[in-house]
Structures are given as C-alpha cells and as structure tokens.
Amino acid sequence: MATTEIKISPEDVAQATKTDERIPEPGVVVIFGASGDLTKRKLLPALFHLEQAGLLPEEFGMVGVARRDLGKGFAEDMKQGILQFGGVKDGADKLEKFIGKVSYHAMNFDDDSGYVQLKTLLEKYDKEHGTKGNRLFYLAVAPEYFSDIIQSLGRHGMAHPEKGQVRIIIEKPFGHDLESARELNHEVNKVFGEEQIFRIDHYLGKETVQNILVFRFANGIFEPIWNRNYVDHVQITAAENIGIEGRGPFYEKAGALRDVVQNHVMELLSFMCMEPPVSFDAEAVRREKFKVWRGIRPVSLENTVRGQYGPGNVDGKPVKGYREEDRVDPNSKTETFAALKLEIENWRWAGVPFYLRAGKRLQKRATEITVQFKQPPMLLFDRVSRGPCAEIQPNVITMRIQPDEGISLRFGAKVPSPDMTVCPVVMDFNYAAAFGTSSANGYERLLLDAMLGDATLFAHRDGVEATWALYTPVLEAWAESAVKDFPNYASGSWGPEAAEKLLQRDGRKWHRL
C-alpha cells in the first residue's frame, strides 16, 4: 500500500488558513440546553479551539441557558469539558481568560420572566464587553422546545433588535416527516428571516466531508470521469458498532432512517453528485444540492431494507439486543438499520444506482463513500489465475469520512513475474499522515461560519423539505406493513441478509470496510 509522501507542518497549515476575514464581529453565543452533553463535549471545546486560533473577537461572551440551577459551577464544568474532550492541557494559554467570559442563566423555556432576565443579561454584556448587540442563539434542546424558545425570543424583541445582528442555530432532528418539517419551518420563519436561520448538521463540519468538493472540483483528473459514462455504482455506508447509548425514548421515535439517512447520508450524497457551483457561497452550493435531491426518483418499497439488531458480540464482548435496551419497547418495531437503492434522473447520473446503508451495532464504526468504476470494455488480461489476482477488479475510489480519515484509489498493476498477472493495489492518502492529528470536532467551522453569517454548510428549508418528501412515503409504508422478523441481524454483523440481496440481485455486493 502506497501512502502520501507529502507532510504539511502545523505551521504551514496555520499560515495557509489564517485570515482576518474569518474573524467575526463582537458578539455573544447563547446556548439553550447548555446543561446537556453536547455543550460540554463539543460546543465549548470548539469555541475554545477558535479562541486558541485567534478566530474569536476580543469582545466575546458565552451564556449557557438551561432549566437546572447550576450557578457559578457551570463555568468550571465547562472548563473540565474543554480539558477532557478538547485535547487541551490544564494551564493552557488563554483558557482562564476564555472561561472568564462564560456565564449561566437558569430559566424554564416557557417562562416569560426568564426571557426578560436573559435580555437584561445580554444588554449588560453589550455594555461591559462591547458585544454590540450581536447574538448567536444555539438551540441544543429537544425538538419539543424549539417552538417555545423561538416564539419567546420574538415576543421579547430578541429576534430583531434595534442594533446588532441576530442569528439562530437549530440542531437536528428538523421535523420527523414532511408535514412536521413544513410546520417547523413555518414557525421559525414567522420569527426569523431565512438568512438568520442555520439548520446544523455536524457532518458538514467534518473536514473529510468538505474535502469531497475539493477532491472533485480542484483536481482536473477526476471530474471528467465523475458521471454515468464511467461510474458503475456508488455506495455510502454510515456504520456504528455502538448501540443506542441509553437514548431509548429518542430512538424509539426516530429509527435509523430518520436519525442518519435523511440528513447525514443525504448530505454526503449531495456533495458526491452535485454539479459544480458557480462559487462556494451559500446560495450557489445549496442550489446544486437541491437539484440532486429533487432529481431522485421516488423510492419503491422493494428497494428498501430495514433491520433491528439482536444480541451478539462486538469487539469480542457480548452485547444485548435492541429490545433489551433500557426504556425500549420489548416488542419494538423501530429499525436500527436501513438500506436503500436510489436512482438520480439527471444527465450526469441516470442509470447509476446509489446504495445507502446506515445502522447500529454493526461490525465496526466506519463512514465511507465508495465509487466503483465500470470495467474496461475489452479485458486483455482476463485469464485464470490464483488468489487475489484471480480476476481483474474494477477501479474504486474510497473516501473515508471517519474514523480513519482519508482517500484511497484501487487500480490494477502487474505482478513481477514472467506472466502478465495483474493484481489490485491501493494508493492511499491519510489525513493524519499529511496534516497531523487535530483535536477539532467539526463544530469549530460551523460555529465560526454561523457567527460570520456564512450558511454554505447549513441546511436550507427547501433542502430539508426535499429530503423529507423523498423518505416520508417510505416511513409511512414501513409503518403500515407488519414486521415479522425483528430482530433480523446479530450485533457485530453487517446487518440483515436482505441488505446483501439488495445488491446481489443487481450482480453487485457491498464493499468490505
């Protein structure tokens, strides 16, 4: 296996990426639901990484909002989160100064008096820290609280203040079907303008996801073959070896299709298939993504597979089945695995099947995109051989989104011997080898973009509704049809047998991860 010979030093990366244009205006980040794990594990470490990189303004503040009365202990808890989950050492430069800008406000999300006090607190920030009325509200709460918070912010004049720029980030899930997504969009748009709304999908913060566009459009050798003339099929896999991690009530309402496929996997699909945008601004990129989603043919039920994990072994340890998980219905019909075959009816991709799968308690954790190219029309080297060289294998490009981030290209090469024997070899690019490891979690880019008002890597309402329009009929059909074989795959396997047959009937098979 050949690996990259180029190694970029951290100093080179810093020099290449640092620009004053990426430093936002003074402002306050207000996180609703700040007592949850997301804030401690992801959001505060990401904000501090921005501070370390010199990408936050001097006039900056962060206010955590939640129902529990945490008081001054909140700032210390956030510091411990930065140390534990942010790859930061105690005593790190700028840490104490950053924590000094963190405060907390306890309130119920449906309590008007709490919003009056919050508004007063933010105005105090403006006077003491020069934050100029700029706000970034982050809803890290369960979806049932979205409406109360949004309406209250509007009612108390915090959505469109007399001075300053206000934006709002909304975490997924953004609806649970087409109707609920439309209703939520309507509720949000009654208070905030679309240009203020940032629907976040943390997958788009991953460097490897953003690199899909760079790989395609910054390299002249790939884009000419990125079409139906050369591509046989595409596979996208989002596999997890963990279970539901104590989130029984949430997962019972969601399932794999809602939790992963409708958002994360569809974003990957759009980056893989979109036409070159005229620029990398939000409107141009979103327009091309939307065209991809609108071009997907309605999904027939025969091109879908659902599964639910039973007991098994993961990493050599016995694990229980989904129905034995805490706070899960012992007769649950919720899918923990989903696989689908999609077809895109446009000039570039017509006739190319796209196979998607996502699931929990699978053999390993891996998110990958595999592009398999067509075989040459005349196989000059097609002869009987032995072992891995028994047949000519197609060229494959694999993009590893996580955890072993990188890109590989498989092609045929002659084996040193008197015979004309061809074996597959792999050229491999690894992010860590080229650029070094990073403690960034992906939220750095998304938080910074939101503060700057750059919505390129965020979902637009039209895109959200387009993907729900595709999958809502599937969800309704699944709900109406009885499931007789759950659980239908063992933990530690690659899912139900029906997922293998989905490709086998087309003469294909899933690539090994």
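In which sense do S8 and strand S14 pair, and over how many bridges? S8 and S14 (residues 353-359) pair in the parallel sense, over six bridges. Two strands count as paired if DSSP finds at least two bridges between them. Helices (H or I, at least four residues) and strands (E, at least two) are DSSP runs, numbered from the N terminus.

This is a predicted model, in which local features need pLDDT of at least 70 and side-chain atom pairs count only at pLDDT 80 or more, while totals for chains, interfaces and linings use all residues. Residues are numbered from 1 along each chain as its sequence is written, and side-chain values use heavy atoms, with hydrogens and water left out.

**Strands S8 and S15**

Glutamine 235 has tyrosine 355 in S14 as its bridge partner. S8 also pairs with strand S15 (residues 366-373). Here the strands run antiparallel, joined by eight bridges. Valine 231 stands opposite phenylalanine 373 in S15. Alanine 238 has threonine 367 in S15 as its bridge partner.

S15 has a further partner, strand S16 (residues 396-402). That pairing is antiparallel too, with six bridges. Glutamine 372 stands opposite valine 396 in S16. The pairings of this region are set out below.

| Strands | Sense | Bridges |
|---|---|---|
| S8 and S14 | parallel | six bridges |
| S8 and S15 | antiparallel | eight bridges |
| S15 and S16 | antiparallel | six bridges |

How enclosed is S8? Eight of the nine residues of S8 (residues 231-239) are buried, so the strand is largely enclosed by the rest of the structure. Buried means under 20% relative accessible area, exposed means over 50%, and partly exposed lies in between (1.4 Å probe, protein chains only). S15 is mostly covered, with eight of its eight residues buried. Ala366, Glu368, Thr370 and Gln372 point one way from S15. Thr367, Ile369, Val371 and Phe373 point the other way.

**The six-stranded sheet**

An open sheet of six strands has the order S4-S3-S2-S5-S6-S7, with parallel pairing. Strand S4 (102-106) and strand S7 (197-199) stand at the edges, each with a single partner strand, so one side of each has no neighbour in the sheet. From one strand to the next, the twist averages 20 degrees. Strand S2 (residues 27-32) and strand S3 (residues 60-66) run parallel, joined by six bridges. Methionine 62 in S3 is the bridge partner of valine 29.

Helix H2 (residues 37-52) lies across S2, S3, S4 and strand S5 (135-139), at about 170 degrees to S3. Helix H5 (residues 112-129) lies across S2, S3, S4 and S5, at about 165 degrees to S3. Axes are lines fitted to C-alpha atoms, for helices over the stretch in contact, and angles run from 0 to 180 degrees between N-to-C directions. Contact means heavy atoms within 4.5 Å.

**Helix H8**

Eight of the 11 residues of H8 are buried, so this helix is largely enclosed by the rest of the structure. Among them are Ile212, Leu213 and Phe215. The buried residues of H8 pack against helix H9 (248-273), S15, S16, strand S17 (406-414), helix H11 (431-435) and H12.

Phenylalanine 217 lies in H8 (residues 207-217). At 25% relative accessibility, phenylalanine 217 is partly exposed. Leaving aside neighbours within four places in sequence, its contacts are Glu223, Met274, Glu275, Pro276, Pro277 and Phe280.

**Aromatic pairs**

How many aromatic pairs does the structure hold? It holds 19. Rings of Phe, Tyr and Trp (its six-membered ring) pair if their centres lie within 6.5 Å; planes under 30 degrees apart count as stacked, over 60 as edge-to-face and the rest as tilted. Phenylalanine 198 and phenylalanine 458 form an edge-to-face pair, 5.0 Å centre to centre with 90 degrees between the planes. Phenylalanine 198 lies in S7 and phenylalanine 458 in the loop between helix H12 (443-452) and H13, so the pair ties together parts that are 260 residues apart in sequence. Phenylalanine 198 is buried, with a relative accessible area of 0%. Phenylalanine 458 is buried as well, at 0%. Elsewhere, ring pairs link Phe32, Phe109, Tyr115, Phe137 and Tyr145 into a cluster.

**Helix H13**

Helix H13 (residues 461-480) has 20 residues. A kink of about 35 degrees lies at tyrosine 471, shortly before proline 473. The bend at a residue is the angle between axes fitted to the seven residues ending there and the seven starting there. Buried residues of H13 include Trp468, Tyr471 and Trp478.

How values were computed. Expected span 1.5 Å × (residues − 1).
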